[in-house]
Amino acid sequence: MSNIHQEVNLKCSPTHVYAALVDTEKFAEITGAPASGDGADGASFSAFGGYVVGRNIELVSGKRVVQAWRAKTWPEGVYSIARFELHPAGSGTKVVFDHDAFPADMKDHLAAGWQSNYWDNLAKIG
């Protein structure tokens with residue numbers, strides 16, 4: 001298993017980033033990818049048309065999102081942990097992101113995907 005650590009500064013508030021991460025309607029609007037689920041602690045979700053599925057493990061409004069997360073192509077029962085820490089930074093947000101326990105051969109693909117699917121799209125909102 002492998003891990004990814006990324007830090008990104010966004011122009012939008014922690015409240016907006018949090019909503020984009022847990023509200024599947026907002027997520028779909030921002031990314032242009034189908035998503036479904038309930039943005040509550042313990043609730044399951046799917047994103048990117050079902051390619052990614054998971055469960056919200058810990059939600060602290062405007063501060064933290066921790067999810068058990070997996071791609072449908074991974075071996076059955078393999079889940080990773082995606083952790084988003086949201087820190088106010090002026091009028092924006094510093095996101096400290098860690099993704100752990102995914103299949104090692106997926107590291108480059110996932111690191112690029114977090115950038116293009118999440119950070120680039122979130123950078124467009126303000």
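Does tryptophan 119 count as buried or exposed, and at what relative accessibility? Tryptophan 119 counts as buried, at 2% relative accessibility. Buried means under 20% relative accessible area, exposed means over 50%, and partly exposed lies in between (1.4 Å probe, protein chains only). The views below come from a predicted model, in which local features need pLDDT of at least 70, side-chain atom pairs count only at pLDDT 80 or more, and totals for chains, interfaces and linings use all residues. Residues are numbered from 1 along each chain as its sequence is written, and side-chain values use heavy atoms, with hydrogens and water left out.

**View 1. The whole protein has three helices and seven strands.** Helices (H or I, at least four residues) and strands (E, at least two) are DSSP runs, numbered from the N terminus. Along the sequence the order is β-α-α-β-β-β-β-β-β-α. The C-alpha trace spans about 40 × 25 × 25 Å along its principal axes. For 126 residues, a compact globule would have a radius of gyration near 14 Å; the protein has 13 Å, which agrees. That radius is taken over C-alpha atoms, and the globule rule is 2.2 Å times the number of residues to the power 0.38.

**View 2. The protein exposes about 6400 Å².** Carbon and sulfur atoms supply 51% of this area. Accessible areas come from the Shrake-Rupley method with a 1.4 Å probe; for residues, only the protein chains shown count as cover. Of the 126 residues, 45% count as buried. Among contacts (heavy atoms within 4.5 Å) between residues at least 6 apart in sequence, 47% join residues at least 24 apart.

**View 3. The structure holds 14 aromatic pairs.** Rings of Phe, Tyr and Trp (its six-membered ring) pair if their centres lie within 6.5 Å; planes under 30 degrees apart count as stacked, over 60 as edge-to-face and the rest as tilted. The rings of phenylalanine 97 and tryptophan 119 have centres 5.5 Å apart and planes at 70 degrees, so this pair is edge-to-face. Phenylalanine 97 lies in strand S7 (residues 92-102) and tryptophan 119 in helix H3 (residues 107-122), so the pair ties together parts that are 22 residues apart in sequence. Phenylalanine 97 is buried, at 0% relative accessibility.

**View 4. Tryptophan 114 pairs with tryptophan 119.** Their ring centres are 6.5 Å apart and their planes stand at 25 degrees, so the pair is stacked. Tryptophan 114 is buried, with 2% relative accessibility.

**View 5. Helix H1 (residues 14-22) is mostly covered.** Seven of its nine residues are buried. They are Pro14, Val17, Tyr18, Ala19, Ala20, Leu21 and Val22.

**View 6. Phenylalanine 48 has a positive phi, near 55 degrees, in a residue other than glycine.** This phenylalanine lies in the loop between strand S3 (44-47) and strand S4 (52-60). Phenylalanine 48 is partly exposed, with a relative accessible area of 21%.

**View 7. Alanine 101 has a positive phi, near 70 degrees, in a residue other than glycine.** Alanine 101 lies in strand S7. Its relative accessibility is 30%, so alanine 101 counts as partly exposed.
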